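Please keep the sequence and the structure in view while reading.

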Amino acid sequence: MTSSRDLDEGQKHDEAFKDQISPTFDRKRNAFSELMSPKPKQAKQIQPQQHNHPRDARNGLLPYILNPTSFSSDIVIQHNENTVLIRDAFPKATVHLLLLPRDSTKWHINPRDALDDEVFLAMVQKEAAEALQLAASELSRLIGPYSESCKARIAAMESDDPPAELPAGRDFSQEFKVGVHAHPSMNHLHVHIISRDMYSERLKHQKHYNSFNTDFFIPLGDFPLAKGDPRRQTSYQNANLKKDYKCWRCGRSFANKFTALKAHLQEEFIAWRKE
C-alpha cells in the first residue's frame, strides 16, 4: 500500500523531471502570447562612411594625396610631406588650384572644425601662402600681357638695357581668394586658391558661382572661427547657395538669371584683365 509520504515524494520527483525537460512546463505560453510579446531591441548597426572607396567620385582627391608622383607636373604642381598642390580638374576661374593636406586625421573632418586646430592651421596657412605665389605667377603669365599695370614692367624687362630695379607692376597675389567651402563636395579636406574672375566654361550653375561669392566660401585667414560664428551653421550656409547672383566686381544683381550673369562675367573679365 502506498503511503501519503510516498505520494508526496513521487509528485516532487515528477515535477523535477518536468523541469529538466522544459523549465516552463507548468508556465507554458500559447503561440499567440509568444507572437504578441515585445521582443528585446537590438542595437542598430551603423555602417561607417566609406571615405576611401575608389568608385565614389567624392573620393577623387585621394589618389593625389597618396601617390602624387604618379601624376604629371601638369596636374600635380608640387608636393611635400604635409601637402599636395594640384590644378583643379574643373576650374571655376582662370587659375584654380587645390591644396590638399596629407594629415589623414583631418581628411574627413569638416574644414570649419579641422582648422580649429591651431598647429594644423598654421601649417596649412604657410603652405597656402607659398602656393599663392605660384598661382600669382601663373596668372601673371596668362593675363600680364593684357594688363595696363604691367606695361612698364614688361617693357623694362624686354629692353636691351633693363634697369637694375624693375617697375613694380601688378600684384597678382591680390587677385585671388584662398579658403574653403563650408560644406565641401569632395570628401577629403582641400583649400581653394582661385582667381577672382570666375571666368570659365566650367562655371555652369548657381551653386558653382555662389559657393565662391557668398559666405559659403570662408577665407583661410578667418580661421579659427569663433564658436558662435554663423558660418558654422548649416541652415545659414544652405541659404547662401540659393541667393540671387551678384557680380563679384561691380556688385550688380542678376536675380536668378545665370545666362545673363555669364555674359556679364565675360565683360568683367576683359575689363579686369586690362587693369
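In this predicted model, Gly 179 stands opposite Pro 219, a residue of strand β6. Val 180 also has its bridge partner in β6, namely Ile 218. These contacts belong to the pairing of β4, residues 176–181, with β6: the two strands run antiparallel and are joined by 3 bridges. Strand β4 pairs with β5 as well, again in the antiparallel sense, over 4 bridges. There, Phe 176 stands opposite Ser 195 of β5.

The open sheet is formed by 6 strands, in the order β1-β2-β3-β5-β4-β6, with antiparallel pairing. Its edges are β1 (76–79) and β6 (217–219); each has a single partner strand, so one side of each is left without a neighbour in the sheet. From one strand to the next, the twist averages 30°. Strands of a sheet pair through backbone hydrogen bonds, either parallel or antiparallel.

Which helix packs on this sheet? Helix α5, residues 118–143, does so, touching β1, β2 (83–87), β3 (96–101), β4 and β5 (191–195). The direction of α5 makes about 155° with that of β3.

**Aromatic pairs**

A pair of aromatic rings is described by the distance of the centres and the angle of the planes. The model has 7 aromatic pairs. Among them are the two in the table, with their values.

| Pair | Centre to centre | Angle between planes | Kind |
|---|---|---|---|
| Tyr 64 and Phe 71 | 4.4 Å | 40° | tilted |
| Phe 269 and Trp 272 | 6.0 Å | 45° | tilted |

Phe 71 has a relative accessible area of 26% and is partly exposed.

Phe 269 and Trp 272 are both buried. Both lie in helix α9, 3 residues apart, which is about one turn of the helix. Together with Tyr 199 and Trp 248, Phe 269 and Trp 272 form one aromatic cluster.

**Charges over rings**

Two residues, Lys 106 and Arg 273, are placed over aromatic rings. Lys 106 lies over the face of Phe 120, at 5.1 Å from the ring centre. Arg 273 lies over the face of Tyr 146, and the distance to the ring centre there is 3.9 Å.

**Leu 261 in helix α9**

Helix α9 spans residues 258–274, and Leu 261 is part of it. Is Leu 261 buried or exposed? Its relative accessible area is 0%, so Leu 261 is buried. Leaving aside residues up to four places away in sequence, Leu 261 touches Tyr 209, Tyr 245 and Phe 254. As for Lys 246, this residue is 15 residues from Leu 261 in sequence, while the distance between the two in space is 8.2 Å, C-alpha to C-alpha.

How values were computed:
Residues are numbered from 1 along each chain as its sequence is written. This is a predicted model: local features need pLDDT of at least 70, side-chain atom pairs count only at pLDDT 80 or more; totals for chains, interfaces and linings use all residues. Side-chain values use heavy atoms; hydrogens and water are left out. Buried means under 20% relative accessible area, exposed over 50%, partly exposed in between (1.4 Å probe, protein chains only). Contact means heavy atoms within 4.5 Å. Rings of Phe, Tyr and Trp (its six-membered ring) pair if their centres lie within 6.5 Å; planes under 30 degrees apart count as stacked, over 60 as edge-to-face and the rest as tilted. A charge sits over a ring if NZ of Lys or CZ of Arg is within 6 Å of the ring centre and within 35 degrees of the ring normal. Two strands pair if DSSP finds at least two bridges between them. Axes are lines fitted to C-alpha atoms, for helices over the stretch in contact, and angles run from 0 to 180 degrees between N-to-C directions.
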